[in-house]
Amino acid sequence: MQSNLTMNAAERGPSGPRTGWTPPQWVATIALLMPTYAWLTLAVLLPLLTMFCFSFLSATPMGKAPIVFTLKQYRAFIDQPYLLNIGWTSLVIGFWTTLLCAVFGFLAAVALARATFGRTRETLLILILLPFWTNGLVRVFSWTMVLRENGFLDNLLHLVAPDAGSISFLYTRYAVVLGLVHGYLPYMILTCYIALITIDDAIIEAAVSLGARWWTVLFKILIPMAAPGLISGCVLIFVPVIGSFMEPRILGGKVGVTMGTVIEDQFTQAFNWPLGAALSFTLLAVVLAIFATFSGVLKRGAAA
C-alpha cells in the first residue's frame with residue numbers, strides 16, 4: 001500500500017499530475033514572434049528586396065525593352081550632376097526641419113510634463129495627436145490657404161495694417177519647412193514627453209533649492225536626462241523628411257524639387273523604376289552613413 005502511494009506521488013510530481021511533454025521556452029517565443037515577422041517579411045522586406053533587384057536592371061521589368069543587369073542607375077549622380085544639388089537641398093530641408101522640431105518639440109514637452117496635470121494634460125495630448133487623425137493631404141492644402149497671397153495671413157495683416165503689403169511666402173523653401181514641421185512635430189513632442197515624465201521631481205526640486213536658475217535646470221538636468229527621447233525624435237523625423245515629396249511638391253512649387261519628388265516622378269511619370277529604386281537606396285545609404293558618422297555622439301547622448 002505504501003509503495004503504491006509512493007509511485008502515485010512520483011507520477012504526479014511536485015506540482016501536480018504530469019500532462020506530457022512541455023516544449024522549451026524558445027519554441028513558445030518563436031511561435032509568438034512568427035506572425036509578426038512573417039507579416040514584416042511579406043509587407044516590408046520582400047518589397048524592399050524587389051526594389052533592390054530592380055535598381056540593377058536596365059529597364060522596368062513590366063515593359064517590352066530588353067532587360068540586362070547593370071550598375072548604370074547608380075551612376076546617376078555622376079551622369080546627371082544636378083541630382084547632387086537636389087540631394088543637398090533635401091538634406092538641408094531635413095536638417096532645418098529636425099532642428100526646429102527639436103527646439104519647439106522639446107520646449108512643448110517640458111511644458112506638458114512639468115506644468116500640466118490631470119485633464120489639462122490629457123486635453124493637450126489629444127490636441128497634439130489631432131494632426132495624426134486628419135489626412136496628410138488635407139493638412140498640406142490647408143497651409144496653402146494660409147500662406148498664399150490674399151490668404152489668411154494676408155487678410156489678418158490687412159486688418160491690422162491696411163496699407164501693408166503681402167507677406168505670402170507660399171512656393172518657397174520656408175513654406176516647405178513649415179509644412180514639414182507641422183506634420184512631424186508631434187513625433188518629437190511625444191518622444192521627449194515620454195523621456196521627461198520619467199525624471200524624478202526630487203532631482204529638479206533639489207537643484208532649485210540649491211539655487212539653480214531655470215536655464216541651469218534646462219541645460220544641465222532636463223536636456224541630458226531626456227537625451228534618449230530627443231535623439232529618438234530626431235531619428236524619427238530626419239529619415240522620412242529627406243524623402244518626403246507631398247509637402248515639397250504642394251508648398252514648394254518650382255523650388256520644391258527634392259529627392260522625394262524626383263523619386264516619385266521616376267515611378268509615376270517616367271516609369272523608370274530602376275532609376276527610382278537606385279535613387280532610393282542611394283538616399284538610404286547616405287542616411288546610414290550620416291548616422292554611422294555621428295553614432296558616437298548619439299550613444300553618448302543616450303547614455304547621458
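Trainee: Which residues line the second largest cavity?
Mentor: The lining consists of Ser90, Ile93, Leu180, Val241, Ile242, Ser244, Pro248 and Thr258. This is a predicted model, in which local features need pLDDT of at least 70 and side-chain atom pairs count only at pLDDT 80 or more, while totals for chains, interfaces and linings use all residues. Residues are numbered from 1 along each chain as its sequence is written, and side-chain values use heavy atoms, with hydrogens and water left out.

Trainee: What is a cavity here, as against a pocket?
Mentor: On a 1 Å grid over the protein atoms alone, a cavity is a set of points where a 1.4 Å probe fits but cannot get out. A pocket is an open set with protein on both sides within 12 Å along at least five of seven lines, and a lining residue has an atom within 4 Å of a point.

Trainee: What volume does the second largest cavity have?
Mentor: About 30 Å³. A volume is the space filled by probe spheres set on the grid points, which are joined across faces, edges and corners.

Trainee: And its lining, by class?
Mentor: The lining of the second largest cavity has 5 nonpolar, 3 polar and no charged residues. Ala, Val, Leu, Ile, Met, Phe, Trp, Tyr, Cys and Pro count as nonpolar, Asp, Glu, Lys and Arg as charged, and the others, Gly among them, as polar.

Trainee: How many cavities of 30 Å³ or more are there?
Mentor: The count is 2. The largest cavity has a volume of about 40 Å³, and its lining is made up of Arg139, Val140, Trp143, Gly179, His182, Gly183, Glu247 and Leu251. By class, these are 3 nonpolar, 3 polar and 2 charged residues.

Trainee: Which helices supply at least two residues each to that lining of the largest cavity?
Mentor: They are α6 (136-147), α8 (173-196) and α12 (246-252). Helices (H or I, at least four residues) and strands (E, at least two) are DSSP runs, numbered from the N terminus. The protein has 15 helices and 0 strands.

Trainee: Staying with Glu247, is it buried or exposed?
Mentor: Glu247, which is found in α12, is buried yet has no salt bridge. The nearest side chain of opposite charge, Arg139, is 5.5 Å away. Buried means under 20% relative accessible area, exposed over 50%, and partly exposed in between (1.4 Å probe, protein chains only). A salt bridge is a side-chain nitrogen of Lys or Arg within 4 Å of a carboxyl oxygen of Asp or Glu. For charge, Lys and Arg count as positive and Asp and Glu as negative, whereas His and the chain ends are not counted.

Trainee: What is Glu247 in contact with, then?
Mentor: Leaving aside neighbours within four places in sequence, Glu247 is in contact (heavy atoms within 4.5 Å) with Val140, Val176, Gly179, Leu180 and Gly252.

Trainee: What follows in the loop between α13 and α14?
Mentor: Phe271 is found in that loop. Phe271 has a positive phi of about 55° although it is not a glycine, and it counts as exposed at 54% relative accessibility.

Trainee: Last one: how much space lies in the second largest pocket?
Mentor: About 350 Å³. Of the 16 residues that line it, the closest to its centre are Ile263, Ser280, Phe281, Leu283 and Leu284. Helix α14 gives the most to this lining, with 7 residues.
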